[in-house]
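Here is a guided reading of one structure, taken a region at a time. Keep the sequence and the coordinates open alongside the text.

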Amino acid sequence: MSKINVPLGPQHPGLKEPINFGLVLEGEQVDKATVNLGYNHRGVEKAAEERTYIQDIYLIERVCGICSHSHTTCYITCVEEIAKAEIPERAKAIRVIVAELERVHSHLLWLGIAAYEIGFDTLFMYVWRDREHVLDCLELVAGNRVHYAINTLGGVRRDITPEIKAELLKRIDVLEARTKYYTTLATEETTVLARTQNVGVLPRDLAIKLGACGPTTRASGVARDVRKDEPYLIYDKLDFKLITADTCDVFGRVVVRVLETVESCKIIRQVLNYLPEGPISIKVPWKVPEGEAVNRYEAPRGEDIHYVKGNGTDKPERVKVRAPTLANYHAVPHMLQGGWMADVPLVIAAIDPCMSCSDRALVTDKAAASSAVWSWEEMRRNGIEFYRRRGVDFSKVTLK
Amino acid sequence: MSDLELEERFKKRLEEKFGGDISESTIQRRRRLWLTVKPERLVDLMRFLRDEMGFDHLATITGMDLGENLAAFYHTTDQHNIITVRARPPRATPVLPTVRDVFPGTESYERELEDLFGIKIEGLPAGRHYPLPDDFPAGQHPLRKDWKLTDAYPEPAVKEAK
């Protein structure tokens, strides 16, 4: 049978964010796959060099809309290490609570998306309904549902009052019970099994060789979790299980994530009951001394690593962000090969990809700050110009 | 120093094996070792780290503009410790060998070095830009310190709305 090249993306109804896959199909089967990235580059790292450490917290928060706390925590631990600031225990505990709430939120979001890709929309709706609980929890703790902005240089910005604690404990019980129900559902329901078992296989040695991370590798039987391997904040004091699966397929990734969500609920309960008394932040001078630091963090999608270099001023010399999705991308073509076209969206979704995370960086256009949000007319004109340079003239086309 | 025993052992092992080819090896704190290697021994060092010392994960590569030199920091980890290997090619002829043969998943990190810092990676197959757009002006590398936004975008693409 002759082979057909199918470009998937960067804009495609089967994808949620811009990325391009080049698929070579033989009939309905994927013979070969390649991945192209970079459609979402926003110049965050360059922008970070032009802003102060405090401004950078809020910039880096916007690297990703889902693991925003992961990025700021990883960044701020680097800065605090350079500034030799030892933050209060209570601040560390609150950071962990937000981190684990974020993991619950991210994993439930993912489970919903996976269910949607499977074609199991009822599960998708139920999971997202229950996810509202964790978003409410985050709002309660941080004031925001998405970009929590809880971190600041030297600690956290908001405290957890006894009332918040009581409410969180109540909602965590609901979340845990619901997640346990989804665990049963996702591991026993025949349609879920049919769509996920032996799909998108990534063998253990290949996962390590390609440098994949997070739930993607843990589902291939690799027991790696930064929270266990190199405990940061207060994770060394907590009792939780490192979840792995050895099926190496999408099913394993479902299992790892739902069970991790249950573990996260346990962690949140532990930390809430542990919550030491004391201040929630210390004063750290805004001028950070010369020095460098590199730290890792277990984001919901895997290992996040930041490098920060200080030069003695209030602005960093260099900030480097490597989000987990970028490490997982190169495993995707291997997962797709030999599989079916119909499974492609599910397999891609199974690494829980986040394009803006990996591409980070819209060039900040200072000269045209007012055009930061383009009007429909401007966008249209820019589009016409873009295609005119490529030899297609759309200028005669009128819109009603 | 007893709490840094493991880090000392790493350091000694690397110094014994690579001698004068590595320099500035410092234990920054527990779990963090930094060292500089001559670019021509980079791949050997990476292979040694992976095969002999269990540092089988290259977490990322950080590019740097140090003025006279450019630099690439290879953050390798055995999951418990991070050994950062620095390579500093001169700005005039910024060339580094690819480490893809050792760590196959690092293509995008190396393309970032090429795009954002203009460090030529020898052995990296020709490919698309990453992460810059395909039509980004050639010879411009945004993360170099002397790069200004106006270099690539002399004026806003769309000026005033009608």
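Helix H4 (residues 89–118) and helix H11 (residues 250–274) of chain A pack with axes 9 Å apart, at an angle of about 155°. Axes here are lines fitted to C-alpha atoms, for helices over the stretch in contact, and angles run from 0 to 180 degrees between N-to-C directions. H4(A) and H11(A) are therefore roughly antiparallel, a term used for angles over 145 degrees. The contact includes Leu101(A), Val104(A) and Leu108(A) of H4(A) and Val258(A), Thr261(A) and Ile268(A) of H11(A); contact means C-beta atoms, placed from the backbone, within 7 Å.

This is a predicted model: local features need pLDDT of at least 70, side-chain atom pairs count only at pLDDT 80 or more, and totals for chains, interfaces and linings use all residues. Residues are numbered from 1 along each chain as its sequence is written, while chains are lettered from A and ligands numbered from 1 in the order in which they are written.

In helix H2 (residues 53–61) of chain A, the buried residues include Tyr53(A), Ile57(A) and Ile60(A) (buried: 20 or more other C-beta atoms within 10 Å; exposed: 12 or fewer). Helix H3 (68–82) and strand S8 (316–322) of chain A are among the elements that cover the buried residues of H2(A).

Lys283(A) lies in the loop between H11 and strand S6 (291–299) of chain A. With 9 other C-beta atoms within 10 Å, Lys283(A) is exposed. Its C-alpha atom is separated by 8.8 Å from that of Ala85(A), 198 residues apart along the chain.

Notes. Helices (H or I, at least four residues) and strands (E, at least two) are DSSP runs, numbered from the N terminus. Angles under 35 degrees count as roughly parallel, over 145 as roughly antiparallel, 65 to 115 as roughly perpendicular and the rest as oblique. Two residues are in contact if their C-beta atoms, placed from the backbone, lie within 7 Å.
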